[in-house]
Amino acid sequence: MRVLFIFLDGVGLGADNPEVNPFARVPMPTLEGLLGGHRLLDEVAPLEMERASLYALDAGMGVAGPPQSATGQAVLLTGINIPAEIGEHYGPKPNPPIASYLQNGTLFSRLTQAGKRAALLNAYPPRYFHGVDSGKRLYSAIPLAVTSAGLPLFTKDDLFAGRALSADFTGTGWAEMLGFPESPVLSPEAAGGKLAALAQGYDFALFEYWASDYAGHKQDMPWAVRQLEVLDGVLQGLLSAWDDSSGIILITSDHGNMEDLSIRRHTNARVPGLLLGSLEARRRFALRFTALTDVAPAIWNAVMES
Ligand SMILES: [Zn+2]
């Protein structure tokens, strides 16, 4: 079965408090329609509806302190409780011990070795590659896993040719902030349709969205609200193009942050494990689904069963 994994950095399941939690504030008609009228809040999980299931995943995994991005993302890609093994949550970028997990045996490398097609759907701008090549920029966990598996990171040419998606979904950032005014800009709904179309080319496709974590660190409610409005449009386009019989969509995160804008740090909130697809496929996928360590095995089993 095909799996599309939409990774939202720094999104926990928070309280029903619109003062601090954008998920309690912004109308998200598509998401609420999927969740039977509920918002994406901690009190709602677990929930099983016609086309969606919501689980709450433990991101702390028995290790003290707020969860961090490098360890959290490495757990999502390996299924190993890396914070427990190295004795701490660590991030944002991988240190050498975390990097060694990402260089050996992630979903990307193992699925590729098993003959499956895997990809990271994000396009990276030229300045990103310059930064990496000059040693000024370290790979974050996900691109490190991708490149370590021998897979390419998509480029500006891929974005312009429609083979990849901008990290903000729509491409507005490329046109307005990265200096490519000729860059294609999609509506959120069209970006969701694009995501569905791109995922059809792979057994396992991942899309990484990081602005949610930034909004949490900046405690920027207006930006968080705009992001969720875009995300809801993306979900609308994605679901109208997605064939439930072909696979499952997973939306999850590495740690909480954006759901509580009263503090700048990551939170210890549980993170959403949102599954979209047929009821039968969701139930099989989520046989064991209570912590970040359960994500990689669930993806592996789903992809390998086909
Ligand atoms: Zn962060």
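A: Two strands pair if DSSP finds at least two bridges between them; strands themselves are DSSP runs of E with at least two residues, and helices are runs of H or I with at least four, both numbered from the N terminus. The model is predicted, so local features need pLDDT of at least 70 and side-chain atom pairs 80 or more, while totals for chains, interfaces and linings use all residues. Residues are numbered from 1 along each chain as its sequence is written, and side-chain values use heavy atoms, without hydrogens or water.

Q: In what order do the strands of the open sheet stand?

A: Read across the sheet, the order is β2-β3-β7-β6-β1-β5-β4. There are seven strands, and their pairing is mixed. The edges are held by β2 (47-48) and β4 (118-120). Each of these two has a single partner strand, so one side of each lacks a neighbour in the sheet.

Q: In which sense do β3 and β7 run, and how many bridges join them?

A: Strand β3 (residues 52-57) and β7 run antiparallel, joined by six bridges. One place to look is Leu-57, which stands opposite Val-271 in β7.

Q: In which sense does β6 pair with β7, and in which with β1?

A: With β7, the pairing of β6 is antiparallel, over three bridges. Here Ile-249 has Leu-276 of β7 as its bridge partner. With β1 (residues 2-8), strand β6 (residues 247-252) pairs in the parallel sense over six bridges. In that pairing Phe-5 has Leu-250 of β6 as its bridge partner.

Q: Where is Thr-112 found, and why does it count as partly exposed?

A: Thr-112 belongs to helix α5 (residues 107-113). It counts as partly exposed because its relative accessibility is 28%. Apart from neighbours within four places in sequence, Thr-112 is in contact (heavy atoms within 4.5 Å) with Leu-107, Ala-118 and Leu-151. For distance, take Pro-188: it lies 76 residues from Thr-112 in sequence and 30 Å from it in space, C-alpha to C-alpha.

Q: What volume does the largest pocket have, and which residues lie nearest its centre?

A: Empty space shows up when a probe the size of a water molecule is rolled over the atoms. A pocket is an open set of points on a 1 Å grid over the protein atoms alone, where a 1.4 Å probe fits and protein lies on both sides within 12 Å along at least five of seven lines; lining residues have an atom within 4 Å of a point. Volume is the space filled by probe spheres on the points, which are joined across faces, edges and corners. The largest pocket has about 1300 Å³. Its lining has 37 residues, and nearest the centre are Ala-167, Asp-168, Trp-210, Ala-211 and Tyr-214. Elements that each supply at least two lining residues include α2 (69-78), β5 (204-209) and α12 (221-241).

Q: Which helix gives the largest share of the lining of the second largest pocket?

A: That helix is α14, with four residues. Both α13 (279-285) and α14 (295-304) supply at least two. The second largest pocket has a volume of about 170 Å³, and its lining includes Met-1, Phe-285 and Glu-305.

Technical notes
Buried < 20%, exposed > 50% of the residue type's maximum accessible area, 1.4 Å probe, protein only.
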